[in-house]
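Dear colleague,

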Protein chains: 2
Amino acid sequence: MTETPPAPQIERAFDLLIRGVDLLDVTGSGASLQRGVDIAIAGGKIAAIAPSIEPERAREVIEGEGRLAHAGFVNCHSHAAMGLFRGVAEDVTVQEWFNDHIWPMETGMDDEDVYWGALLGIAEMIACGVTTFAEHYFKMEHIARAVTDTGIRAELAPTIFSGEGEAEELAASLAFAEAWQGAAGGRIGVMLGPHSPYTCSPDFLRSVAGAARGTGLAVHLHVSETAEQVALCREQSGRTPVGLLQELGLLDGPVLAAHLAHPQDDDLQLLARAGTAVGCCPKTEMKLGAGVTPVGAMRAAGITVGLGSDGAASNNTLDILEAARLTALLEKHERRDPTALPVAEALALATSEGARAVGLEGKVGRLAEGYQADIVLRRFSRPSDRPLHDAAATLLWSAAPADIETVLVAGRPLYRDGAHLTLDLPEVLGQAQARAERLSRQATNRRMAYYPA
Amino acid sequence: MTETPPAPQIERAFDLLIRGVDLLDVTGSGASLQRGVDIAIAGGKIAAIAPSIEPERAREVIEGEGRLAHAGFVNCHSHAAMGLFRGVAEDVTVQEWFNDHIWPMETGMDDEDVYWGALLGIAEMIACGVTTFAEHYFKMEHIARAVTDTGIRAELAPTIFSGEGEAEELAASLAFAEAWQGAAGGRIGVMLGPHSPYTCSPDFLRSVAGAARGTGLAVHLHVSETAEQVALCREQSGRTPVGLLQELGLLDGPVLAAHLAHPQDDDLQLLARAGTAVGCCPKTEMKLGAGVTPVGAMRAAGITVGLGSDGAASNNTLDILEAARLTALLEKHERRDPTALPVAEALALATSEGARAVGLEGKVGRLAEGYQADIVLRRFSRPSDRPLHDAAATLLWSAAPADIETVLVAGRPLYRDGAHLTLDLPEVLGQAQARAERLSRQATNRRMAYYPA
């Protein structure tokens, strides 16, 4: 009698294997497409990309054949919970938008409004392939809760306006960082979030700069959104907002400057030297007629630029691919040059360059070994996606959220076959509708701040 | 014993009833939303809109509760079959695009390529709510066949370049009009389609003007797409393209001028006086860096403007709602005025104004009694559509083809629950892929014409 030899022990080294997928990896220097490869995921990261990996080595297998895999998009500037105000204030000036519509409603938001608003925004972002967002908002612990619950990745900057309680608010931000930096399995990062040079005093911005130096935290704020803001700053300080921030020491550490539509004088040189990154939000910037971040000029000056959605109250969507498309269209249009911002560069803004802008370079924004497994699988089966001559061009110019089949963050599926796995969408939509109606009914005379005319 | 009284005879006066729908009707002067109304359809037209119509009076009922109904979009300038070349020529100049990529491939297209390419384009248009398109292409009888087969509505202008066979081609266009005008149950109209002042000789354009006068046919052509075209025309004729067309008598009858991105001198006044309509194709125009139709200035001058997709070879999509969104963004941006081209006006460009531009005013482009029942039913259930504060704003700024549940043309459902009813989508996509690959392999040295450097 012979003994049956023991079955060979195959080590299940991988948590997940995506088989036979077309992999699009995009960097600032170009796009590469690998056809029909396997992606193995372990410990939340991409462990291996190879022509063929034994499926037995993975605990779970996702069929990738006929799908395109690309890195999840990075939203470099958002106010996710503002989705509750989507569509309430259209075709109005920036002043009216803030003073008469948004700020009066925002003052009525309670903790749960922010939580459910953030869930709405996160649901939308996941459904359109955004896997990381850099958020600027108040009641941030409730957004952190929504990030934790849903499995998305975020860099959270609690918004602070100048005013009586500013010192306490800064202390609260530092305590928030203490509590949440690296939380949710490393998916949450924290930044400091002074609102802007036009709503924060120079003294306060100086103290934020000191706190940032002391803690190593990056700073995320709004800068030079409109020509009027720049003029006001010049009048008050004799400097551009960028010049003022530099003088206050705020550009000494890592900074994510949202919008920056109106660089003047030597602003671009200052930003490039300081290594300040910029989050362009083209849809909001065009829609509010406020001027658009000069992306091409910034990139030529060596500035890192990523793309943001701003809040859905002005942007109406949180779709970073839409932002990439708009940015490419506007660059080509304004330069009268169809070769400007080619496909790969526009996609890089939404992925690898965006990752660099939010301080996650080398960690997210690419599909390469060692990167976090933040992956979108897309199936090009709608007529507008076909025929498929060039997957990168189809992604930039034709793709839609409806193509997305699967979204992973840190290797965990958050979305499969058009359905959210980590949130109850009908419940989120119902809560959002009810809360939005209540907030618009009870809009108060109070404001978060007053936007200068 | 008493006789049972005969059951009351209810006349089935309506072919179809849409029940309890929110109806958005848009004209140049505003948008009106009627909540929870019934729409009765008979003989392909909207027979009645009322708060409550007995369902027994209709042969078929579609549940409209919780849906938005709006008029199908009008695509004022398309080359539907060019979808076969989607994505083949990105980030190149207009000259390279025509001379090195598109025209060499187009010369290889046979009848069936045009038919299947048109089916691909029609499949896309139906799926994004376009119910009428104004087409400019060659081998038009095969596009007419695709229109007939699929149930969509179209105004077809067979493209003619100047050259040896131009007289025969004009005669063929007139024969095409003879055969197809009013065909497919009135869904097909015909226009004359000289390509443009830069590819057609003045003599030929004069003979087209004569033919148009003689037959009452409208003329659809490309005008002043680039600054270079205008400069070349001035050099050759001493006039702008618009001035030249007027001198040749071509603006005496109804004309649909595509693009017209570079009106000069008194072009706008000439166009307004002549009643010439313009088809703006913002995505192509931005993407090719060729300059964009000045929609606001044209509307201020009293010119009718509609929106077009151009071909997907340059535009990548045939989505007229995307065109409306881009037009509104660009108007607001370029005027630095967030109140420019408000929601209702932008939607009107895609519907009622577009209908006027293609000569179908009073027939399509609105949801009102007596209009053709070209209706889109949309369900706002994606997170980016919610909460719903303002249905018109949601439609313009957030909606996507994925919201569309039902598309009717002349009262006939062409699309239900995300599926095409009048074409076999997998077959169309497969044919498109195979034909596109063959055409890009066999690109010849021949060209349809030569685009001047």
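Buried area here is the accessible area (1.4 Å probe) that two parts lose on being put together, summed over both. The model is predicted, so local features need pLDDT of at least 70 and side-chain atom pairs count only at pLDDT 80 or more, while totals for chains, interfaces and linings use all residues. Residues are numbered from 1 along each chain as its sequence is written, chains are lettered from A and ligands numbered from 1 in the order in which they are written, and side-chain values use heavy atoms, with hydrogens and water left out.

The two domains of chain A

Chain A is divided into domain 1 (14–71 + 367–420) and domain 2 (73–358), with bounds taken from an automatic or database domain assignment. Their C-alpha centres are 28 Å apart. About 2200 Å² is buried between these domains, and carbon and sulfur atoms account for 68% of that area. On the domain 1 side, Val26(A), Leu396(A) and Trp397(A) lose the most area to domain 2, together 28% of what that side buries. Contact (heavy atoms within 4.5 Å) involves 29 residues of domain 1 and 29 residues of domain 2.

One salt bridge is found across this interface, the term meaning a side-chain nitrogen of Lys or Arg within 4 Å of a carboxyl oxygen of Asp or Glu. The side chains of Asp374(A) and Arg153(A) form a salt bridge at 2.8 Å, N to O.

The interface of chains A and B

Between chain A and chain B, about 4700 Å² is buried, 63% of it on carbon and sulfur atoms. Asp91(A), Pro383(A) and His389(A) supply 14% of the area that chain A buries against chain B, more than any other three residues. Each chain brings 59 residues to the contact. Two salt bridges are counted between the chains; Asp91(B) and Lys332(A) meet in a salt bridge at 2.6 Å, N to O.

A sheet in chain A

Helices (H or I, at least four residues) and strands (E, at least two) are DSSP runs, numbered from the N terminus, and two strands pair if DSSP finds at least two bridges between them. In chain A, four strands make an open, parallel sheet in the order β11-β12-β13-β14. Because β11 (219–223) and β14 (305–307) stand at the edges with a single partner strand each, one side of each has no neighbour in the sheet. Strands β12 (255–259) and β13 (277–280) of chain A run parallel and are joined by three bridges; Ala257(A) has Val278(A) as its bridge partner in β13(A).

With kind regards
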